[in-house]
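Please consult the sequence and the structure shown below alongside the text.

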Amino acid sequence: MKKIFIALVLLGICLYFLFFRLGSYGLLETTDARYAEIGWEMFQSKDFITPHFDFIKHFHKPPFTYWMTALGYALWGENEWGARFFLGVFGLLTLGVVFLLARLAFNTRVGAISVLILISMLGFLGATHVVATDLYLLFFICLAMYCFLRWEIGQGSLLWGWIVLGISALVKGPVAPILVGVTCFLYLIFSGQIKRIKETQPLKGIVLFLIIALPWYIWVCLHNKGLFIYFFKTQFFSRIETGTMGHPHPWYYYLPILPALLFPWTLYAIPAIARTLRQLDRMRFFFFLWAVVPFVLYSLMRTKLPFYILPCLPPLAILTGEWWQNVALSKDGFWASLLQRIMIFICLLFALAALVMAIPLFRGHGNVLEWQQLKSLWWAEAILFAFIALVLYLSLRLQKTWIHFICLLAITNALMLPLLCYGDKLPINTYRSLGVTIREMAGPNDLIVQYKCFLRALPFYVKRPTVLVDIPRETQFETNDDYKKILIDDKTFWEWWKGEKRIFCVVPKRILKDFLSKGYYFITQRRKYVVITNKPLLNQGDIASTLGQSYSRLALVCQ
């Protein structure tokens with residue numbers, strides 16, 4: 001009964017972290033919004049082969065993430081909860097695999113501790129709350145590693161691992177096969193098992209991999225001329241060599257990023273890694289290598305984003321969990337006490353920072369000023385972190401390691417609560433309110449235009465295509481000229497603006513002055529953007545009845 005109770009508590013904690021208010025905030029620009037929008041178009045069109053982004057073909061990623069997002073819409077409706085639901089499901093599955101890995105390598109207790117450590121790492125929790133490929137990819141990497149580890153100790157066939165890698169190729173192309181393949185190959189070399197490569201059944205495995213991975217790629221390449229070269233040259237090699245696609249950063253980009261993703265377990269991972277290197281055996285070496293390979297490979301690539309090194313987190317969680325078990329047994333009691341004192345200091349710093357924002361002792365400007373206006377948030381955060389610091393101090397005095405552990409979970413929860421409880425009230429890049437307002441006001445024949453900007457979630461919220469002005473898109477795979485109705489130049493836009501059709505236009509505040517001489521009617525605004533129209537709305541005289549009112553509103557908006 002005790003084991004069942006502990007399992008239910010563990011499951012409850014994971015469900016809380018993964019699903020609590022998962023759909024409470026709008027789609028975040030740009031990644032969350034982009035994948036949710038593409039999945040929505042796939043759901044609407046019932047075309048589950050060819051991804052479209054604002055109704056233009058979009059082949060940046062394979063379709064698995066879009067499939068999961070579309071399935072979420074089918075189950076829960078076309079909303080944020082539906083878009084993110086399977087992130088929670090795959091997050092839970094990933095935690096389950098991590099438990100199995102840690103139990104296989106060490107014991108059940110390490111498995112449970114590792115799960116709680118991973119679920120409370122900011123990097124992992126963040127990935128479960130933003131629609132993207134990273135969390136799905138992480139699941140298949142962990143599952144492939146589990147298949148390899150079972151095979152390594154003689155408990156299973158590696159063909160299951162090949163099948164898992166085949167599915168992973170539909171998430172993010174060759175990324176998982178490369179990371180898993182390099183890690184496992186190096187492990188066999190350094191552990192003196194290079195001769196076992198023949199036992200991996202490479203011929204059967206490659207056949208299984210290709211049967212699963214290739215059909216989608218073959219179909220889309222045959223139906224879209226030039227796509228094969230685009231996949232390998234533009235989407236793959238350019239990201240590695242030149243960074244012309246994606247986000248180029250220097251080699252040291254991940255040095256501060258990894259500690260941030262590990263928080264609040266960053267400091268605990270240091271003695272855990274040190275202990276691993278001191279007492280290196282085959283299992284510890286496997287997890288250490290797994291943590292190092294993604295970090296090194298992604299550091300060598302030109303294109304970098306924070307969640308790319310997400311695969312480093314599960315092995316570090318397991319190594320930290322194994323170290324924590326020894327801390328609980330007072331084997332490394334000095335380190336536990338030292339780190340607890342440091343965490344008390346960090347919590348007090350968080351409380352002080354929140355207090356400074358709440359009073360405010362420091363008068364910020366721009367985005368900082370927007371955050372300072374949420375006084376209730378900062379008072380709550382100040383009280384919460386001060387309370388956590390107090391409990392950490394009491395656990396130190398009472399020498400209760402389990403209270404110390406719970407406080408670390410509470411720190412992560414305190415950092416996530418503002419997003420989950422305040423949602424769109426926060427000054428973050430979600431523009432759900434703009435899209436909902438337009439959808440409620442626009443008639444079926446009205447045009448919706450984004451003037452020299454591109455809010456990725458807007459088509460999702462207005463439930464129709466949006467016209468983009470002077471925004472470049474990849475249109476080489478379009479077979480007709482329909483996209484020209486969606487992508488227009490500045491001259492065409494102004495001709496439309498003077499025409500008979502009503503246009504709802506999203507405009508960055510900084511260039512709203514372009515409309516002064518043309519005339520417009522103000523609708524609403526949020527952060528960097530405003531919504532205007534070229535014609536007065538019926539029964540909306542209170543919004544804008546004259547151009548003079550529009551000009552006065554411009555002054556207010558631009559302040």
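**Charges over aromatic rings**

Lys-518 lies over the face of Trp-494, 5.1 Å from the ring centre. A charge counts as sitting over a ring if NZ of Lys or CZ of Arg is within 6 Å of the ring centre and within 35 degrees of the ring normal. The charged end of Arg-526 sits over the ring of Tyr-431, at 6.0 Å from its centre.

This is a predicted model, in which local features need pLDDT of at least 70 and side-chain atom pairs count only at pLDDT 80 or more, while totals for chains, interfaces and linings use all residues. Residues are numbered from 1 along each chain as its sequence is written, and side-chain values use heavy atoms, with hydrogens and water left out.

- Strand 6 spans residues 503–508, and six of its six residues are buried (under 20% relative accessible area, with exposed over 50% and partly exposed in between; 1.4 Å probe, protein chains only).
- Strands (E, at least two residues) and helices (H or I, at least four) are DSSP runs, numbered from the N terminus.
- In a regular strand the side chains alternate between the two faces of the sheet.
- Ile-503, Cys-505 and Val-507 are buried on one side of strand 6, and Phe-504, Val-506 and Pro-508 are buried on the other.
- Strand 3 (residues 447–451) runs parallel to strand 6 and is joined to it by four bridges; two strands pair if DSSP finds at least two bridges between them.
- The bridge partner of Ile-448 in strand 6 is Phe-504.
- Strand 8 (residues 529–533) pairs with strand 6 in the antiparallel sense over five bridges, and the partner of Val-506 in strand 8 is Val-531.

**Aromatic pairs**

- The whole structure holds 63 aromatic pairs, defined by ring centres of Phe, Tyr and Trp (its six-membered ring) within 6.5 Å; planes under 30 degrees apart count as stacked, over 60 as edge-to-face and the rest as tilted.
- The pair of Trp-324 and Phe-405 is edge-to-face, because the ring centres are 5.2 Å apart and the planes stand at 70 degrees.
- Trp-324 lies in helix 15 (residues 313–328) and Phe-405 in helix 19 (residues 401–422), so this pair ties together parts 81 residues apart in sequence.
- Both Trp-324 and Phe-405 are buried.
- Ring pairs also link a cluster, including Phe-106, Trp-151, Tyr-187 and Trp-290.

**Thr-50**

- Thr-50 is placed in the loop between helix 2 (31–45) and strand 1 (52–53).
- Thr-50 counts as buried because its relative accessibility is 7%.
- Leaving aside neighbours within four places in sequence, Thr-50 is in contact with Met-42, Lys-57, Phe-59 and Trp-219, where contact means heavy atoms within 4.5 Å.
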